[in-house]
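This report describes the fold, the cores and the ring contacts of one predicted model. The sequence and the structure come first.

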Amino acid sequence: MASRGLLVLLVSAFLVANASASFGHSRSLKQEFPDPLVDPSQWRNFPWCRCDDDTVYNPNRLALQGIVGTNLVFNIILAAVPPPPFPTPKCYNADIGKIEWNVASGKKACAPKKATVLGQERTVTYEEYTNGRAILKISPLSISNAQVASLQPIPVFLQLVPGCDVFSLFDLGFIQYSLFNVKKDCCPVGIIPVIPPQNQSPPPPPPQNPPPPPPLSPPPPPPQSPPPPPGSPPPPPPPPPLSPPPPPQNPPPPPPVSPPPPPL
């Protein structure tokens, strides 16, 4: 009886170990997570592998620049982090060996296939997992912390697939990514909360000024008298203009007054 119980315990332990050790493409998981990531409290389940995802002491960050030409552009930048404790965490001043994004499943046709980082073309891989999610990843990379510090921002160009909406890959309402180190034991997770509007329509054209009114027509000429019938005497000439009245003349001066007679 005791041997049967021991056998059951051994079989159970074997099944649990195998269930928690692999996921999807034999990826070593931190924990089982069968549902899509829709709750912000579950962000830290990505990238679904056994690695240190703490961002407290890792300064590497990814920022979204937007669509530039035929590329979706991210920038690798550095963030301020506190001084590390002792012993130094493995993610402190880590290098970058791989970039992963948490994306929607069933979107392989629209997933970018090529990327350019530091002037070198890289292959972009799209992998689906049994939890209903997929990852988009660029690997391998070898970017040192000193390179990020001296060259930041370092652009990451994801070549767009013609006819596809690349933002349909990021269906969580935010962009979630992980920057692995070269050893792949450090995988800090970051969130870009704002996604540019999808299928943004161009702004309407500015209102046009109304056309100017048509020029005014000249006034019609004054009516003219009809010509006299043939054989009629010519019309009398117009009267001469009236002469102006003569200017008024001053009256003659009065005669001089005679002196009074002498007294008698």
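## Basis and terms

Helices (H or I, at least four residues) and strands (E, at least two) are DSSP runs, numbered from the N terminus. Residue numbers start from 1 along each chain as its sequence is written. The model is predicted, so local features need pLDDT of at least 70 and side-chain atom pairs count only at pLDDT 80 or more, while totals for chains, interfaces and linings use all residues; side-chain values use heavy atoms, with hydrogens and water left out.

## Fold and sheet

The protein chain has two helices and nine strands. From the N terminus on, the elements run α-β-β-β-β-β-β-α-β-β-β. Two strands count as paired if DSSP finds at least two bridges between them. The nine strands form an open sheet with antiparallel pairing, in the order β1-β2-β7-β4-β5-β6-β3-β8-β9. β1 and β9 (189-192) stand at the edges with a single partner strand each, so one side of each has no neighbour in the sheet. From one strand to the next, the twist averages 25° (axes are lines fitted to C-alpha atoms, for helices over the stretch in contact, and angles run from 0 to 180 degrees between N-to-C directions).

Of the 264 residues in the protein chain, 30% are buried (buried means under 20% relative accessible area, exposed over 50%, partly exposed in between, with a 1.4 Å probe and protein chains only). Contact means heavy atoms within 4.5 Å. Among contacts with a separation of 6 or more, 65% are between residues 24 or more positions apart.

## The β4-β5 loop

L118 is located in the loop between β4 and β5. These two strands run antiparallel and are joined by four bridges; V117 has Q120 in β5 as its bridge partner. L118 is partly exposed because its relative accessible area is 40%. Beyond its neighbours within four places in sequence, L118 is in contact with I143, Q147, L151, I154 and P155. L118 and F157 are 39 residues apart in sequence, and their C-alpha atoms are 9.5 Å apart.

## Nonpolar cores

A nonpolar core is a set of buried Ala, Val, Leu, Ile, Met, Phe, Trp, Tyr and Cys residues joined through side-chain atoms within 4.5 Å. The largest core holds 30 residues, and F74, I76, I99, W101, L136, L158 and F170 touch the most other members. At least two residues of this core come from each of β2 (71-78), β3 (98-104), β4 (114-117), β5 (120-128), β6 (133-138), β7 (154-159) and β8 (175-180).

Not counting residues up to four places away in sequence, I99 touches L62, I76, L136, K137, I138, L141, V156, S178 and L179. Another core of five residues lies apart from the largest one and includes F46, W48, Y129 and V189.

## Aromatic rings

The structure holds three aromatic pairs (rings of Phe, Tyr and Trp, its six-membered ring, pair if their centres lie within 6.5 Å; planes under 30 degrees apart count as stacked, over 60 as edge-to-face and the rest as tilted). F46 and W48 form an edge-to-face pair, because their ring centres are 5.3 Å apart and their planes are at 85°. W48 and Y129 form a tilted pair, 6.3 Å centre to centre with 50° between the planes. W48 lies in the loop between α1 (2-21) and β1 (60-68) and Y129 in the loop between β5 and β6, so this pair ties together parts that are 81 residues apart in sequence. Ring pairs link F46, W48 and Y129 into a cluster. Relative accessibility is 0% for F46, 1% for W48 and 7% for Y129.

The charged end of K98 sits over the ring of F180, 4.2 Å from its centre (NZ of Lys or CZ of Arg within 6 Å of the ring centre and within 35 degrees of the ring normal).
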